[in-house]
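Thanks for coming. Please have the sequence and the structure open while I talk.

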Amino acid sequence: MIPITVVRPDAEQEALVTEVLRSGALAQGAMVERFERCCATMAGTTHAVAVNNGTTALIAALRALGIGPGDEVITTPFTFVATLNAILAVGATAVFADIGTQDMNVDADDIERVLTERTRAVMPVHLYGQPADMERIGGLAANAGIAVVEDAAQAHGAEVGGRRVGGFGVATFSFYATKNLYCGEGGVVTTDDADVADYVRVLRNQGMRGRYEYELQGENLRLTNVAAAIAVPQFARLDAIVEARAANAAHFNAAFADLPDVVCPVPVSGRRHVWHQYTLRVTDASGGRRDAVVAALNEAGIGAGVYYPRLVDEYACFDGHPRIVRRPCPVAKATAEQVFSLPVHQYLDAADRAAIVDATRVALT
Ligand SMILES: *Cc1c(COP(=O)(O)O)cnc(C)c1O
């Protein structure tokens, strides 16, 4: 089986984790600070505050902006459920805007259609590592006087117009085990806003400014030094990881260019795609055909997968939810029935790529 994700820690990571273990300082400390400096450099921001996962990072970012009950947050319905869960967790209302066909990210024109006087933020997701249209989204958010909260969980090192994602307002990254950079469970909030960074620092540590100086109702969102040590050595390799993934994606795009009824993931010009997933669309039919293609690929030993098979709110647990504003999102709806992803990670070799191309061509024709 060629898996869709490979976690292969190297000697440098092992040495740094061992160093932390031997130091006895396992909880949040100096290694977490080092991780934060790496994150700030990655996002091109002045502040980076580490937390224990990407979901708590989103919740902390919304809380830092004072977003809660009565406030609306515009986002995409074509995302992982953490995006929606975070909005609902702070008591806010999720409002969906449709996505674009090329970048599969929330569409700026549709955001404008759903703005109300209760809108407090827009939360674009840089899905699969392809950045959203941050130039337009940033501009319309500034005009409307609302915040931008980027869900960059899948987009370490992605860029728009030469600017790193993570720096267009308040942003969050995940370091879950399967992301492009990982530490098992981990997250970070990046921003140039000193007040937001300060709020998240206090919030994550039980609301304490200093020892037993309770300043707000807090939580324990701390990352551990052990987890930080797994992540820290990877930042120096981020460009190499992205280049290897991009080379695999270019190889696949060339190999599938002649196939009918399949749309290859072409990066939008001016944006740096970091290829968290390589995602094709089967356009000639419904989800039934796509599911058969994925089953055939799995049968042939290719770890293809579907991210995501339904819109995020199309589950019984969200039926009739009073704080989800539903409206037709036809592009997102069709996309969820058409997409499937192939392994694109940096550990693929030439034989893996050839096996993936052959099996995919057979499955699609
Ligand atoms: C992974 C992911 C998250 C959540 O991150 P965790 O670290 O797993 O909590 C949020 N949004 C998106 C789009 C993700 O892919």
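The side chain of T45 has a polar atom 2.9 Å from the backbone oxygen of H47; a polar contact here is a pair of N or O atoms within 3.5 Å, where within protein one must be able to donate a hydrogen and the other to accept it, and residues adjacent in sequence count only if both atoms are side-chain atoms. This is a predicted model, in which local features need pLDDT of at least 70 and side-chain atom pairs count only at pLDDT 80 or more, while totals for chains, interfaces and linings use all residues. Residues are numbered from 1 along each chain as its sequence is written, and side-chain values use heavy atoms, with hydrogens and water left out.

T45 sits in the loop between α2 (30-43) and β1 (47-51); helices (H or I, at least four residues) and strands (E, at least two) are DSSP runs, numbered from the N terminus. Is T45 buried or exposed? Its relative accessibility is 9%, so T45 counts as buried, the cut-off being under 20% relative accessible area with a 1.4 Å probe, protein chains only. Leaving aside residues up to four places away in sequence, T45 touches A40, G166, G167, T190, T191 and D192, contact being heavy atoms within 4.5 Å.

Now the sheet. It is open, with eight strands in the order β1-β9-β8-β5-β4-β2-β3-β13 and mixed pairing; two strands pair if DSSP finds at least two bridges between them. β1 and β13 (324-325) are at the edges with a single partner strand each, so one side of each has no neighbour in the sheet. β1 runs antiparallel to β9 (residues 187-191), joined by five bridges.

Last, α3. Nine of the 11 residues of this helix (residues 54-64) are buried, so α3 is largely enclosed by the rest of the structure.

Notes:
Buried means under 20% relative accessible area, exposed over 50%, partly exposed in between (1.4 Å probe, protein chains only).
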